[in-house]
Amino acid sequence: MNTHGVSAPSNPPSDQASNPTSGGYFDAASTEPLHPAAREVILTAVDEGWADPARLYGSARRSRMLLDNAREIVAAVIGCRPDEVAFTASGTQAVHLGVLGTALAAGTDRPTADRDPVAVVVSAVEHSSVLQAAVHLERLGTTTATRQVGVDRHGRVDAGEFGKAVDDGTVLACLQAANHEVGTLQPVDEVDVRGVPLLVDAAQAVGRVPLPRQWSLLTASAHKWGGPAGVGVLAVRKGLRWRSPLPDDEREVGRVPGFENVPGALAAAAALRARWEESTTLAARQRELIDHIRARVPRLLDDVDVVGHPTLRLPHLVTFSCLYVEGQALVTELDRAGFAISSGSSCTASTLRPSHVLAAMGALTHGNVRVSLTREATRDDVDRFLTAVVDVVTRLRTELAGL
């Protein structure tokens with residue numbers, strides 16, 4: 001690819017020496033190590049994209065050109081117009097801006113006593129940023145209810161049931177492209193939202209699998225696909241009523257106030273372009289490795305439940321639950337064995353609260369392990385991990401039985 005003078009290799013090397021997390025890092029769903037394409041671009045981008053893109057002099061125009069180019073690349077991958085793409089400080093901020101801005105633009109920011117009841121419809125397994133933004137609207141008095149649509153045992157919503165939850169009083173519907181904890185793909189293009197704006201959280205799907213076509217707003221996070229942290233994406237379709245929930249900005253640079261992170265945006269775009277070009281080959285390799293884990297874990301250990309849809313899922317992710325073992329102990333002991341994994345809610349593990357996703361599925365909420373592979377993961381890495389899991393789970397169960 002060529003970003004107006006800032007180049008990245010079209011076939012980036014998969015040199016593990018450049019990635020210190022390779023081998024035992026199995027938490028790509030939390031954050032993916034920096035893609036070689038981003039590493040190639042970011043230093044040059046810092047040198048060439050440092051000026052304020054809102055100004056009119058030469059170096060500023062250069063920054064604006066680089067920023068516009070980053071938008072073009074992202075737009076091409078997610079399937080929209082470049083002027084529909086805005087860069088945010090994170091995927092969470094993108095979600096918050098999308099949810100709050102759509103509700104405000106719907107004209108519902110007046111006291112609830114003066115209007116008919118209005119609601120936001122969400123799936124029960126949405127990312128916490130979506131669920132909390134919906135709750136925040138209720139606290140503000142912008143909406144009167146959040147309607148949660150349940151999921152089946154695989155974590156997938158029924159398209160018909162989701163559509164039934166949307167009515168004339170709905171200001172926004174939210175349905176993720178793929179679940180962040182179990183990898184299940186959602187039937188976004190099959191739901192009928194009856195003209196209501198639809199926000200799709202695509203953080204786990206962008207750069208990995210084909211994206212839904214039916215969306216009004218789409219959010220994503222660069223560090224999930226190997227871009228730098230601190231860069232999110234908010235795409236808003238032309239014609240959608242949206243109003244910033246933030247104070248006005250005299251810069252008038254778009255939906256997100258302040259000085260854009262031009263080097264970060266460009267590195268994120270470079271990583272996304274390279275990731276999308278390799279996605280078919282990479283997905284096939286990762287799916288084979290995940291299939292191996294899904295098949296072997298129940299054979300190697302008793303009382304193990306592999307969750308998530310068996311086929312309609314992300315290629316790089318699997319979650320399984322082990323009875324009689326605490327998730328936190330699994331994380332700690334596997335870390336000692338050289339493997340980084342997550343357990344419980346992907347964003348609330350530090351609080352030790354049970355996963356709302358697993359609870360909504362009716363799955364075991366303790367003793368669960370989420371494995372999500374990086375682009376460098378190999379069969380040898382996976383086999384070493386399986387050996388470690390068997391050793392750790394067996395030892396922890398033995399210790400528990402001896403208490």
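**Exercise 1. Is the crossing of α1 and α6 left-handed or right-handed, and which residues make the contact?**

Before starting, note that this is a predicted model, in which local features need pLDDT of at least 70 and side-chain atom pairs count only at pLDDT 80 or more, while totals for chains, interfaces and linings use all residues. Residues are numbered from 1 along each chain as its sequence is written, and side-chain values use heavy atoms, with hydrogens and water left out.

Solution. Step one is to locate the elements, helices (H or I, at least four residues) and strands (E, at least two) being DSSP runs numbered from the N terminus. The axes of α1 (residues 36-48) and α6 (residues 262-277) come within 8 Å and cross at roughly 155°, where axes are lines fitted to C-alpha atoms, for helices over the stretch in contact, and angles run from 0 to 180 degrees between N-to-C directions. Step two is to classify the angle: α1 and α6 are therefore roughly antiparallel, given that angles under 35 degrees count as roughly parallel, over 145 as roughly antiparallel, 65 to 115 as roughly perpendicular and the rest as oblique. Step three is the hand: the crossing of α1 and α6 is right-handed, a crossing being left-handed if the near helix is turned anticlockwise from the far one by less than a right angle, and right-handed if clockwise. Step four lists the contact (heavy atoms within 4.5 Å): Ala-37, Ala-38, Val-41, Ile-42, Ala-45 and Val-46 come from α1, and Pro-263, Leu-266, Ala-267, Ala-270, Ala-271 and Ala-274 from α6. By class, this contact of α1 with α6 has 12 nonpolar, no polar and no charged residues, where Ala, Val, Leu, Ile, Met, Phe, Trp, Tyr, Cys and Pro count as nonpolar, Asp, Glu, Lys and Arg as charged, and the others, Gly among them, as polar.

**Exercise 2. Work out how α2 packs on α6.**

Solution. Begin with the geometry: the axes of α2 (residues 58-78) and α6 come within 9 Å and cross at roughly 30°, so α2 and α6 are roughly parallel to each other. The crossing of α2 past α6 is left-handed. Next, take the residues: on the α2 side they are Ser-63, Leu-66, Leu-67, Asn-69, Ala-70, Ile-73, Val-74 and Val-77, which meet Val-262, Ala-265, Leu-266, Ala-269, Leu-272, Arg-273 and Trp-276 of α6. Sorted by class, the contact of α2 with α6 holds 12 nonpolar, 2 polar and 1 charged residues.

**Exercise 3. Which residues of α8 are buried, and what covers them?**

Solution. First, apply the cut-offs: buried means under 20% relative accessible area, exposed over 50%, partly exposed in between (1.4 Å probe, protein chains only). The buried residues of α8 (residues 327-336) are Gly-327, Leu-330, Glu-333 and Leu-334. Seen down the axis of α8, these fall within an arc of 130°, and therefore line one face of the helix, the arc being that of the directions from the helix axis to the C-beta atoms. As background, an α-helix has 3.6 residues a turn, so residues three or four places apart point the same way. Second, look at the other side of α8, where Asp-335 and Arg-336 are exposed. Third, identify the cover, which includes β12 (368-372) and α10 (379-401). Finally, follow the chain onward: just after α8, Gly-338 takes a positive phi of about 100°.
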